[in-house]
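Hi,

Here is the structure I promised to pass on. Have a look at it first, and then read on for what turned up.

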Amino acid sequence: MGEVQELQIDCSIEKALNIIGGKWSFLILRELFKGTRRFGEIKKSIPKISPKALTDTLRHLEDNAIVTRKVYATVPATVEYSLTEKGKALEKILKEMKHWGKEWATESISK
């Protein structure tokens with residue numbers, strides 16, 4: 001008998017979720033859909049996120065070309081975050097998730 005080769009099928013949903021990242025990514029993206037933001041502005045708009053989680057999530061989004069980071073030579077340094085075209089393309093998807101959550105999320109909680 002011949003060798004059996006394992007067939008691996010890539011799941012594009014899994015790939016998308018790996019690129020987007022964890023739970024904080026969605027809230028950070030929500031803020032960046034409004035426009036360029038500084039670290040402190042993002043932190044202030046998401047009170048429950050720790051500075052480490054915010055830093056790690058922004059790095060993950062930057063590594064995956066969702067967010068760009070621009071550093072200005074000021075004292076202290078000013079850092080701004082903006083969405084790339086790839087990041088902006090997520091807006092429609094996340095809006096649909098928001099609508100779905102609004103309609104269905106409360107139903108599952110009440111059960």
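The largest pocket holds about 370 Å³ of space. Please keep in mind that this is a predicted model. The lining of that pocket is made up of Phe26, Leu27, Arg30, Phe33, Lys34, Glu91, Leu94, Lys95, Met97 and Lys98. By type, five of these lining residues are nonpolar and five are charged, with no polar ones. Two helices, H2 (23-32) and H6 (91-109), each bring at least two residues to the lining, and H6 gives the most, with five.

Is Thr57 buried or exposed? Its relative accessibility is 12%, so Thr57 counts as buried, the cut-off being under 20%. A polar atom of the Thr57 side chain lies 2.7 Å from the backbone oxygen of Ala53. Beyond its neighbours within four places in sequence, Thr57 is in contact with Trp24, Ser25 and Ile28.

Then there is the sheet. Three strands form an open sheet in the order S1-S3-S2, and the pairing is antiparallel. S1 and S3 (residues 78-83) run antiparallel and are joined by two bridges. If you want to find the pairing on screen, look for Arg38, whose bridge partner in S3 is Glu80.

Happy browsing, and do write back with any thoughts.

Best wishes

Terms used. Residues are numbered from 1 along each chain as its sequence is written. This is a predicted model: local features need pLDDT of at least 70, side-chain atom pairs count only at pLDDT 80 or more; totals for chains, interfaces and linings use all residues. Side-chain values use heavy atoms; hydrogens and water are left out. On a 1 Å grid over the protein atoms alone, a cavity is a set of points where a 1.4 Å probe fits but cannot get out, and a pocket is an open set with protein on both sides within 12 Å along at least five of seven lines; lining residues have an atom within 4 Å of a point. Grid points are joined across faces, edges and corners, and a volume is the space filled by probe spheres set on the points. Helices (H or I, at least four residues) and strands (E, at least two) are DSSP runs, numbered from the N terminus. Ala, Val, Leu, Ile, Met, Phe, Trp, Tyr, Cys and Pro count as nonpolar, Asp, Glu, Lys and Arg as charged, and the others, Gly among them, as polar. Buried means under 20% relative accessible area, exposed over 50%, partly exposed in between (1.4 Å probe, protein chains only). A polar contact is a pair of N or O atoms within 3.5 Å; within protein, one must be able to donate a hydrogen and the other to accept it, and residues adjacent in sequence count only if both atoms are side-chain atoms. Contact means heavy atoms within 4.5 Å. Two strands pair if DSSP finds at least two bridges between them.
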